[in-house]
Amino acid sequence: MSKRLMTKADTKLLIAVILLSLVAYAAIHYSSLSFPAEGRVLIKAGGEVVQELLLSADRPAQRISVQGKTAPAIIEIEQGRVRVAEAFCPDQICVKQGWIDTPGSSIVCVPNELVIYLPAGTDDGATAVDAITR
Amino acid sequence: MEKNRVRIAFCFLVLVSLLGGVLFQLNRPREQEYSGEEFLMDTLVSISTYGTDTTLLRQATAEAFREMRRLADLTDRFTDGNNSGMTSDIVRINAMAGIEPVIVDRDVFRMLQLAKEYYALTDGAFDITIGPVMDLWGFGKPEQTLPAADDLWEALSLVDSNDLILNEKEQSAFLKRKGMSLDLGAVAKGYAVEKAAQILEEAGIERAIINAGGNIRVIGQKAPQQGWQVGIQDPRDPQALVGILSLQNESAVTSGDYQRYKEIAGKRYHHLLSARTGYPVESMMSVTVVTKDSGEADLLSTALFLMEPEQALAYLSQHKNAEAILITAEKQILCTPGLKEKLKLTPGEEYVDEQKVNDKG
């Protein structure tokens, strides 16, 4: 028997443990808690998310009814874009806005307290803006 | 046996130190986002704050919203839209028009002072006593009729900021003639956003963005060496941007003819009314103002919108604290030279970008 403290197998194990730890360490270091948010549409009424749908480019057209603060609204979703098709608010700003398809954009109906978002992903790069002045 | 003990001790030591490292990483203070949103002042207000202390972010955001809610309640023009059930200072001033002065909140007094300053600075183009004319048009109401000419003239005769008497010592406001009324639509939102930003800054928050329906105020930078990216809405295509601003510790506010309007007999009438004619001013499609103070940006974007483009550019060349992007009715984009560093224009083909012309001049 040699007088070495560790056998070859021990050394390998130790190296494996250290490598694994380094990987775990790096993973924790660089990961953020945010999940990729692209390709979704969030519908909020009264401050709560009431619908969360995928917004893939190949999805078939769909109309859904969402209850806002004062009245229901018909929201239409198709092929990567979304709009308010019908609403009962007096100003109709939400309907007039038409389709949105860019991550980071939103439709807001103030009288009915309804918000439709396309959340901006963390890596949308140059196209995404933090806000739009209008 | 001795060898095995050493070996076990060694492995134990390695594992403990690795575990320690991982725990240290997990506990490392990490940049968090804390956001909130509320419907206030006829728009959706969202505040997003960033920092390592979540409690601080949450408390400061709540306090900022509380202050905005307070200002919204104080400046609301219609009692039925008021959440708190109290009568707003503006409703009281309007009700006491021609009767007696009303003592108002300090912030309301400051807003009225600012509005009068801009009335003077813009030679009367901007006038917060436009209330009677706004009521006649009834924006946001479904009726689709033009105001009658006689009614319009009568309402216009009640529009005059010189008859808004402010007493600084008493902190009171008085509309001299019965029937006069204030409309703080171009003042209150920007002022409230600025107060909210100050609350966040005083709480020690170094990165935040406030968006009150397109009235933007940013704190700090988005990331080291990178400003907050704020798009400028294309006034004719809700899907498009005419440019992107890169902002830090400043505000961008836009007044446009495309946000609040009503269509009567196929023609659009927007809500930015001339205090002289009582009709919408049609020389520009939108004006975006960039300044440090969101309250000023809000006032100025409306005031500039109500001017002729040449007059607006002349004003801007004399007042260097504000930068602006004007989109005229002829689809010309005019920018002040000071924006060169922070603005990237990306207009559609129908627009004429006149930035170069301005740089020379």
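Predicted model: local features only at pLDDT ≥ 70, side-chain atom pairs only at ≥ 80, totals over all residues.

1. Chain B contains 10 helices and 17 strands, and its C-alpha trace extends over about 110 × 50 × 40 Å along the principal axes.

2. Of the 361 residues in chain B, 43% are buried. Among the contacts in chain B with a separation of 6 or more, 59% are made by residues 24 or more positions apart.

3. Where the two chains meet, 26 residues of chain A are in contact with 37 residues of chain B. On the side of chain B that touches chain A, two or more residues each come from helix 1 (2-27), strand 2 (43-51), strand 6 (207-212), strand 8 (228-234), strand 9 (237-247) and strand 10 (251-256) of chain B. Of these, helix 1 of chain B gives the most, with nine residues. Sorted by class, this side of chain B has 18 nonpolar, 14 polar and five charged residues.

4. Strand 10 of chain B deserves a separate look: six of its six residues are buried, so the strand is largely enclosed by the rest of the structure. B:Ser251, B:Val253 and B:Ser255 point one way from the strand, while B:Ala252, B:Thr254 and B:Gly256 point the other way, and all of them are buried. Strand 10 of chain B is also among the elements that give two or more residues to the side touching chain A.

5. Which strands of chain B does strand 10 of chain B pair with? Strand 7 (residues 215-219) of chain B runs antiparallel to strand 10 of chain B and is joined to it by two bridges, with B:Arg217 standing opposite B:Ser251. Strand 13 (residues 284-291) of chain B likewise runs antiparallel to strand 10 of chain B, and here six bridges join the two; within this pairing, B:Ala252 has B:Val290 of strand 13 of chain B as its bridge partner.

Note on methods: Residues numbered from 1 in each chain as written. Chains lettered and ligands numbered in written order. Contact = placed C-beta atoms within 7 Å. Helix = DSSP H or I, 4+ residues; strand = E, 2+ residues; numbered from the N terminus. Nonpolar A, V, L, I, M, F, W, Y, C, P; charged D, E, K, R; others polar. Buried ≥ 20, exposed ≤ 12 C-beta atoms within 10 Å, placed from the backbone. Pairing = 2+ DSSP bridges.
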